[in-house]
Amino acid sequence: MKFFNMIIFTVLLVGVSHAFQLKMSNTVPGNAPCAQICAGAKKGGWFSKGSGNTVYIQNDVNFSECGFKAGTRPVITATLNDEGYYAVGGNIDNYASAPNTGFQFEVLLGLTNDHYGRSDTVAIANDKGWTINWTAVGYIC
């Protein structure tokens with residue numbers, strides 16, 4: 001029976017490994033066999049940003065452990081889970097100085113005279129566990 005289970009497991013493993021194929025758009029040039037998907041979630045680490053009347057909070061996301069090739073910029077998708085507090089969205093602001101290692105995610109809160117103060121929002125974002133869920137697709141060679 002153990003031998004039979006091992007055969008079934010091997011067949012399933014081989015089937016799954018051959019069922020997945022990553023295709024990259026022609027607009028993202030690179031070596032197709034070197035394409036990789038990397039994903040993660042960043043919770044905590046929020047800080048304030050902005051000047052004048054515009055208020056943002058920001059978070060730096062580092063994905064250097066993904067091993068994307070130096071000098072390349074992976075395609076990044078990111079969403080914010082704000083635990084239903086403000087029901088706000090965010091955007092990818094700046095890539096890191098080395099775009100293959102990370103990005104900055106920012107949330108625009110509005111004007112400083114809004115009832116959502118900058119320091120309060122940073123504390124809420126960190127305390128309530130606002131999380132950036134991200135995926136990056138790029139080349140490792």
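In this predicted model, Q58 is buried, with a relative accessible area of 4%. That value falls under the 20% limit for a buried residue. Q58 lies in strand β3, which covers residues 54-62.

**Q58 and its contacts**
- W46 touches Q58, and its other contacts beyond four places in sequence include I57 and N59.

**The largest nonpolar core**
- The largest nonpolar core holds 20 residues.
- Those touching the most other members are W46, I57, F63, F103, F105, W130 and W134.
- At least two residues of this core come from each of β3, β4, β6 (102-111), α2 (118-127) and β7.
- In soluble globular proteins, nonpolar side chains tend to be buried together.
- W46 also touches L80, F105, V107, V122, A125, N126, W130 and I132, again not counting residues up to four places away in sequence.

**The sheet β1-β7-β4**
- Three strands form an open sheet in the order β1-β7-β4, with antiparallel pairing.
- β1 and β4 stand at the edges with a single partner strand each, so one side of each has no neighbour in the sheet.
- From one strand to the next, the twist averages 15°.

**Pairing along β7**
- Strand β1 (residues 35-43) runs antiparallel to β7 and is joined to it by nine bridges.
- Within the pairing with β7, A39 has T135 as its bridge partner.
- Strand β4 (residues 75-81) is also antiparallel to β7, and seven bridges join the two.
- T79 has N133 in β7 as its bridge partner, and N81 stands opposite T131 in β7.

**Burial of β7**
- Strand β7 spans residues 131-139, and seven of its nine residues are buried.
- β7 is therefore largely enclosed by the rest of the structure.

Note on methods. Residues are numbered from 1 along each chain as its sequence is written. This is a predicted model: local features need pLDDT of at least 70, side-chain atom pairs count only at pLDDT 80 or more; totals for chains, interfaces and linings use all residues. Side-chain values use heavy atoms; hydrogens and water are left out. Buried means under 20% relative accessible area, exposed over 50%, partly exposed in between (1.4 Å probe, protein chains only). Helices (H or I, at least four residues) and strands (E, at least two) are DSSP runs, numbered from the N terminus. Two strands pair if DSSP finds at least two bridges between them. Axes are lines fitted to C-alpha atoms, for helices over the stretch in contact, and angles run from 0 to 180 degrees between N-to-C directions. A nonpolar core is a set of buried Ala, Val, Leu, Ile, Met, Phe, Trp, Tyr and Cys residues joined through side-chain atoms within 4.5 Å. Contact means heavy atoms within 4.5 Å.
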